[in-house]
Amino acid sequence: MGIMLQYLFKRLWHTVFVLIGISMISFFFIHLSGDPVMLMLPGDASTQEIETLREQLGFNDPLYAQYLRFAGNAAQGEFGNSLYYKVPAMALILERLPASLELAAAAMLIALVVAVPIGIVSAVRRGSMVDMGSMLGALFGLSMPHFWLGIMMIMLFSVKLGWLPTSGRGSLAQLVMPSLALGMSLMAMFARLTRSVMLEVLSLDYIRTARSKGLKESVVIYKHALKNAMIPLVTVAGMQFGFLLGGTVIIETVFAWPGVGRLVVQAIFNRDYPLVQATVLVLSVIFVAVNFLVDMLYMYLDPQISYFEDK
Amino acid sequence: MSAIHDTQASLLEIAAPRLRFMAETLREVARRPSALIGGAMIAMVLIVSLSFPLFYSVDPLEQDLMARFTPPVWQDGGSWHYPLGTDNLGRDVLVRLLYGSRVSLLVGFSAVLVAELAGILLGLFSGYYGGKLDSLIMRVADIFMAYPFMLLTISVIAVLGSSIFNLILVLGLSDWVTYARTIRGSVLSLKKKEFVEASRAIGTPHRVIIFRHILPNVFSPMLVLGTLRVANIIIWESGLSFLGMGVPPPMPTWGRMLAEGRLYITDAWWLVTLPGLAIMVTILSINLLGDGLRDALDPRLRNV
């Protein structure tokens with residue numbers, strides 16, 4: 001347990017470092033263009049307005065002082081007011097966050113529930129029609145932009161057939177298309193991953209031992225092989241959760257889903273940079289937190305890992 | 001005279017194993033049907049994208065308001081004048097798709113080049129020199145990995161403004177981490193090989209070891225990774241374009257065609273279907289080629 005605790009602290013320290021880096025990027029990106037105040041105001045703003053906003057946002061202070069203030073406030077969840085909505089940015093994000101998390105979680109769930117069995121069957125019946133068919137399907141799934149898939153589904157299921165509502169959030173029917181569209185490429189990726197990991201595990205000695213002991217094939221596959229195959233799957237699933245949150249940016253726009261993705265896109269068009277900054281930072285922190293949890297889970301699933309050797 | 005002859009002979013001796021290796025690699029790649037099909041498909045896409053003005057020179061911006069929403073030729077009301085129909089302003093969909101392919105391919109391949117260049121350099125130095133430099137580069141890589149890619153690119157593009165150049169730079173520079181990590185891993189194991197230790201023992205300068213001895217050995221993983229990433233970048237580029245943050249108008253792009261077509265989803269199916277199909281065919285061929293290359297050259301990358 002000593003080593004694990006040490007590893008936990010090492011990981012925590014890494015996480016803190018990453019968070020500091022992320023806060024720096026989030027802070028500095030609006031300075032990329034030179035004067036951030038000019039970005040936030042319409043082109044015909046008067047000198048008076050420019051000066052007021054600059055003073056208000058503290059842009060007259062030296063850069064490091066601005067950063068320290070930003071980081072200090074951010075650590076307390078304080079990002080200032082949205083320029084457009086005139087309310088605290090954090091409140092807006094917290095209001096929209098559940099919708100995005102719901103969408104991402106639904107996409108992840110659909111992807112795993114569909115893909116893992118497909119991957120297992122493909123691995124067990126390697127080279128069969130089922131295997132080739134599902135791998136071809138997975139290739140198509142990987143090659144389809146998710147927002148296009150979303151539009152195609154709207155065209156078919158909403159416009160042509162009238163089965164599902166085109167947009168909005170609230171009912172289960174409204175969740176079906178966005179989560180399926182968002183989860184499709186992930187599903188394809190998981191199916192391929194499960195298949196290749198299962199193939200690898202199934203060729204290992206302990207599986208041969210289990211079989212030669214006369215265990216039922218289903219026990220060998222689902223109890224012995226799958227347990228080890230889960231390890232890389234959990235890691236990738238954890239890493240992909242962050243990408244899912246990023247992916248919601250477009251899919252929320254397609255389905256008018258009231259989440260943070262749509263919030264940030266609108267904020268960009270409204271030149272509402274404090275809100276953009278806050279959203280980006282909050283999503284990154286969630287991503288880092290999820291990765292940290294996955295790492296801990298990983299440690300639990302695979303006690304053999306050597307925690308101090310760099311890969 | 002004989003000195004020259006000797007040089008030639010030794011050149012041949014040096015070249016022969018390399019040529020043999022290349023031939024073997026090519027044979028290995030050619031044995032994979034997916035690599036062949038994907039390679040042929042993407043070659044076709046490239047050739048058409050580069051050469052179409054020779055046989056289909058139509059102005060992608062010309063509006064024919066009398067012919068708005070003309071369906072594709074095989075449907076009632078379609079005509080050969082507009083093989084794939086027209087959009088809401090009566091512009092030719094086929095030629096706009098063809099111009100869109102140029103944007104996607106240019107951004108896709110160039111951004112990957114930028115990412116490879118940055119990733120290879122950082123990965124080589126990180127793996128070869130180790131120590132503090134390595135920790136620093138890898139921690140920065142952690143930060144980039146933790147940043148939601150899509151958000152990073154849209155926020156930077158929103159600040160910098162979108163142009164082909166900015167897109168290539170931003171997409172490329174946000175994607176260096178995968179390359180750097182893969183390269184670093186390979187360098188760590190190569191560093192312990194005899195040929196590297198031997199050249200270090202005879203005093204070969206570091207930069208020669210890095211660029212002449214180690215770099216050629218990481219070529220195949222980089223080729224495989226790069227190919228597969230082109231597909232991702234093209235999807236991202238079309239996504240940005242879809243959100244209105246891609247290459248600015250009037251240049252037609254697949255993403256913007258989709259965004260515009262979405263408004264007419266009830267009456268003009270081709271406006272939302274065809275650009276997506278174009279993206280899918282392109283991505284599919286790149287993925288097929290990438291899968292084939294990976295299986296032939298570097299099976300270790302299977303889970304990337």
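How many helices and strands does chain B have? I looked this up first, and chain B turned out to have twelve helices and zero strands. Helices here are DSSP runs of H or I with at least four residues, strands are runs of E with at least two, and both are numbered from the N terminus.

**Ground rules.** I am reading a predicted model, where local features need pLDDT of at least 70, side-chain atom pairs count only at pLDDT 80 or more, and totals for chains, interfaces and linings use all residues. Residues are numbered from 1 along each chain as its sequence is written, while chains are lettered from A and ligands numbered from 1 in the order in which they are written.

**Confidence.** I checked pLDDT, the predictor's confidence in each residue from 0 to 100. Chain A has a mean of 83, with 95% of its residues at 70 or more. In chain A, helix α5 (residues 89-124) has the highest mean, 91, and helix α2 (residues 36-40) the lowest, 72.

**Chain B overall.** I noted that the C-alpha trace of chain B spans about 75 × 50 × 35 Å along its principal axes. Of its 304 residues, 44% are buried. A residue is buried if 20 or more other C-beta atoms, placed from the backbone, lie within 10 Å of its own, exposed if 12 or fewer, and partly exposed in between.

**One residue, B:V107.** I found B:V107 in helix α3 (residues 93-129) of chain B. Is B:V107 buried or exposed? B:V107 is buried because 27 other C-beta atoms lie within 10 Å. I also looked up its contacts, meaning residue pairs whose C-beta atoms, placed from the backbone, lie within 7 Å. Leaving out residues up to four places away in sequence, B:V107 touches B:I164, B:L167, B:I168, B:L171, B:I233 and B:E237. B:L167 is 60 residues away along the chain, yet the two C-alpha atoms are separated by 7.2 Å.

**The core.** I then turned to the largest nonpolar core, which has 157 residues. Such a core is a set of buried Ala, Val, Leu, Ile, Met, Phe, Trp, Tyr and Cys residues joined through C-beta atoms within 7 Å. A:V264 and B:I154 have the most contacts inside this core. Beyond its neighbours within four places in sequence, A:V264 is in contact with A:V249, A:V276, A:T279 and B:L151.

**Where the chains meet.** Last, I saw that 36 residues of chain B are in contact with 46 residues of chain A. On the side of chain B that touches chain A, α5(B) gives the largest share, nine residues.

Methods
Two residues are in contact if their C-beta atoms, placed from the backbone, lie within 7 Å.
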